Amino acid sequence: MNTIAQYESLSGLLTTMISAAEKGDWDQVAGMETNFKPIIDQIRSTSNEERLSDDERRQKIQVIKQILRDDARLRELANPWMAQLQDVMQQTRKGRDAIQAYDNR
């Protein structure tokens, strides 16, 4: 697989993750995160070896820009969910601390 196809694969994965995030399916988003590393490893191993034409280089740049936009969108969608998760964890911690305080009496 050439470098551009690898970047397009990464872009497609992000598009699918955004769709799942917009539906609130964070389990699917988390499950797809494991697919990132193999693609990134492929890109790292082949990107320095491959010579691209000017048109291919422009296409690669456009795909990378789309990846960056999609990554920003995914983070934007994840921030409220992460804040909610942090609140739940904090409440759980407070409850645990209260139980321990009463148990120590």
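View 1. Of the 18 residues in the largest nonpolar core, Met-17, Ala-21, Trp-26, Val-29, Ile-67 and Leu-74 touch the most other members. Helices H1 (3-22), H2, H3 (36-46) and H4 (54-103) each supply at least two residues of this core. H1 gives the most, with 8 residues. A nonpolar core here is a set of buried Ala, Val, Leu, Ile, Met, Phe, Trp, Tyr and Cys residues joined through side-chain atoms within 4.5 Å. Buried means under 20% relative accessible area, exposed over 50%, and partly exposed in between (1.4 Å probe, protein chains only). In soluble globular proteins, nonpolar side chains tend to be buried together.

The model is predicted: local features need pLDDT of at least 70, side-chain atom pairs count only at pLDDT 80 or more, and totals for chains, interfaces and linings use all residues. Residues are numbered from 1 along each chain as its sequence is written, and side-chain values use heavy atoms, with hydrogens and water left out.

**View 2. The whole chain.** The protein chain has 4 helices and 0 strands. From the N terminus on, its elements run α-α-α-α. Helices (H or I, at least four residues) and strands (E, at least two) are DSSP runs, numbered from the N terminus. Of the 105 residues, 24% count as buried. The accessible surface comes to about 7,700 Å², and 50% of it belongs to carbon and sulfur atoms. Accessible areas come from the Shrake-Rupley method with a 1.4 Å probe; for residues, only the protein chains shown count as cover. Among contacts with a separation of 6 or more, residues 24 or more positions apart account for 76%. Contact means heavy atoms within 4.5 Å.

**View 3. Helix H1, end to end.** At the start of H1, a side-chain oxygen of Asn-2 reaches to within 3.2 Å of the backbone nitrogen of Ile-4. Buried residues of H1 include Thr-3, Ile-4, Tyr-7, Leu-10, Leu-13, Met-17 and Ala-21. The 20 residues of H1 should span 28 Å at 1.5 Å a residue; the end C-alpha atoms are 29 Å apart, which agrees. That expected span is 1.5 Å times one less than the number of residues. Just after H1, Gly-24 takes a positive phi of about 80°.

**View 4. Around Ala-21.** Which residues does Ala-21 touch, not counting those up to four places away in sequence? They are Trp-26, Val-29, Leu-74 and Leu-77. Ala-21 is itself buried in H1.

**View 5. The buried face of helix H2.** The buried residues of H2 (residues 26-33) are Trp-26, Val-29 and Met-32. Seen down the axis of H2, these buried residues fall within an arc of 125°, so they line one face of the helix. The arc is that of the directions from the helix axis to the C-beta atoms. An α-helix has 3.6 residues a turn, so residues three or four places apart point the same way.

**View 6. Met-32 in H2.** Met-32 lies in helix H2. At 10% relative accessibility, Met-32 counts as buried. Not counting residues up to four places away in sequence, Met-32 touches Leu-13, Thr-16, Met-17 and Ala-20. Met-32 and Thr-16 are 16 residues apart in sequence and 8.7 Å apart in space, C-alpha to C-alpha.

**View 7. Lys-60 in H4.** Lys-60 belongs to helix H4. Is this lysine buried or exposed? Lys-60 is buried, with a relative accessible area of 18%. Leaving aside neighbours within four places in sequence, Lys-60 is in contact with Thr-3, Ile-4, Tyr-7 and Leu-52.

View 8. Ile-40 is found in helix H3. Ile-40 is partly exposed, with a relative accessible area of 28%. Leu-68 lies in helix H4. Leu-68 counts as exposed, at 55% relative accessibility. Its C-alpha atom is separated by 9.7 Å from that of Leu-14, 54 residues apart along the chain.

Technical notes
A polar contact is a pair of N or O atoms within 3.5 Å; within protein, one must be able to donate a hydrogen and the other to accept it, and residues adjacent in sequence count only if both atoms are side-chain atoms.
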